[in-house]
Amino acid sequence: MNPLLIISVALIAALILLSLSIRVVTQYEKGVLFRLGRVIAVRDPGLRFIIPLIDKLRKVSMRIVTMPIQSQGIITRDNVSVDISAVAYFRVVDAEKSVVAIENVRAAIDQIAQTTLRKVVGQHTLDQTLAETDAINADIRQILDTTTLEWGVEVTLVELKDIQLPETMKRAMARQAEAEREKRAKIIAAEGESRAAAALGEASDIMVTHPIALQLRNLQTLVELGVDKNTTVVFPAPLMSAIGDIGAFFAREATAAAVATSAPQTPPVSAQASNGTAATAAPC
């Protein structure tokens with residue numbers, strides 16, 4: 001037999017065995033080594049050698065995996081039907097458990113996440129579901145961690161992604177929000193009126209104490225009207241005080257007329273004096 005042929009066949013066989021025995025574990029992976037069906041070690045990243053046909057190296061990714069949780073039709077505690085979708089983030093922390101303890105980690109977490117989402121949201125009312133999403137996320141994550149840690153998997157984060165409400169509920173919530181806005185607007189307007197009335201009362205008290213303040217206000221009003229270049233100027237006059245002044249004027253005139261009418265008619269002093277002089281001069 002040709003020695004070169006034997007050497008060539010041996011080299012080819014050695015290369016084949018070498019290629020079957022070399023495995024490369026990347027930085028984000030770990031390798032679970034099975035020998036004759038039993039786990040004997042967990043290999044770190046790098047170049048690893050196995051025994052062909054005897055050993056089997058199962059690579060497990062240690063990176064964080066993003067898994068969307070499909071929309072679930074859920075009835076809340078106050079009997080409102082909502083559709084909620086979420087997203088979960090998990091990573092493998094024990095490569096051996098993730099391979100030995102469960103067949104398919106991703107499928108198992110997907111199913112348990114759906115049931116947990118339905119269970120947790122069903123224990124809350126609609127208002128709590130919309131307002132307390134952080135608490136719901138924490139509850140879902142805690143329940144998932146309790147189960148998945150036995151599989152060598154840690155759930156790092158769970159977030160509610162979308163909440164779909166029925167159209168009737170959307171309209172009812174819109175009406176509620178509109179009524180709430182109207183209530184706030186009326187309260188604010190009432191507070192404004194109350195403060196304006198208080199300010200006007202204080203201003204009127206000042207004007208009563210200082211009448212010249214009203215005249216200054218009138219002059220300011222004229223200045224403001226003059227800026228607009230109006231052809232007609234309306235002069236605000238203190239109507240009630242004007243009527244009072246006119247009434248007082250007529251009262252004074254009436255009193256003066258009454259006094260003048262009731263006074264006695266006395267002759268002039270000069271006439272009386274002339275008569276006396278004439279009477280005295282006659283006897284002489």
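Helices (H or I, at least four residues) and strands (E, at least two) are DSSP runs numbered from the N terminus. The model is predicted: local features need pLDDT of at least 70 and side-chain atom pairs pLDDT 80 or more, while totals for chains, interfaces and linings use all residues. Residues are numbered from 1 along each chain as its sequence is written, and side-chain values use heavy atoms, with hydrogens and water left out.

Strand 2 pairs with strand 5 (residues 55-61) in the antiparallel sense over 7 bridges; two strands count as paired if DSSP finds at least two bridges between them. In this pairing, phenylalanine 34 stands opposite lysine 56 of strand 5. Strand 2 also pairs with strand 3 (residues 38-43), again antiparallel, over 5 bridges, and arginine 35 stands opposite arginine 38 of strand 3. The hairpin of strand 2 and strand 3 has 2 residues between the strands, and leucine 36 takes a positive phi near 55° in it.

An open sheet of 3 strands has the order 6-7-8, with antiparallel pairing. Its edge strands are strand 6 (65-75) and strand 8 (153-164), each of which pairs on one side only. The twist averages 25° from one strand to the next; axes are lines fitted to C-alpha atoms, for helices over the stretch in contact, and angles run from 0 to 180 degrees between N-to-C directions.

Strand 6 and strand 7 (residues 81-92) are joined by 9 bridges in the antiparallel sense, with isoleucine 74 opposite valine 82 of strand 7. Helix 3 (residues 105-122) lies across strand 6, strand 7 and strand 8, and runs at about 35° to strand 6.

## Nonpolar core

The largest nonpolar core has 33 residues, and Leu117 and Ile140 have the most contacts inside it. Such a core is a set of buried Ala, Val, Leu, Ile, Met, Phe, Trp, Tyr and Cys residues joined through side-chain atoms within 4.5 Å. At least two residues of this core come from each of strand 2 (29-35), strand 6, strand 7, helix 2 (95-100), helix 3, helix 5 (133-148) and strand 8. Helix 3 gives the most, with 7 residues.

Not counting residues up to four places away in sequence, leucine 117 touches Ile69, Gln72, Ile74, Ile84, Ala86, Ile140 and Leu160. Contact means heavy atoms within 4.5 Å.

## Glutamate 159

Glutamate 159 has its place in strand 8 and is partly exposed, with a relative accessible area of 32%. Beyond residues up to four places away in sequence, glutamate 159 touches Ala86, Val87 and Asn137. A polar contact of 3.0 Å joins its side chain to that of asparagine 137; the term covers a pair of N or O atoms within 3.5 Å, where within protein one must be able to donate a hydrogen and the other to accept it, and residues adjacent in sequence count only if both atoms are side-chain atoms.

## The chain as a whole

The chain contains 9 helices and 8 strands, and 20% of its 284 residues count as buried. Among contacts with a separation of 6 or more, 61% are between residues 24 or more positions apart.

Conventions
Buried < 20%, exposed > 50% of the residue type's maximum accessible area, 1.4 Å probe, protein only.
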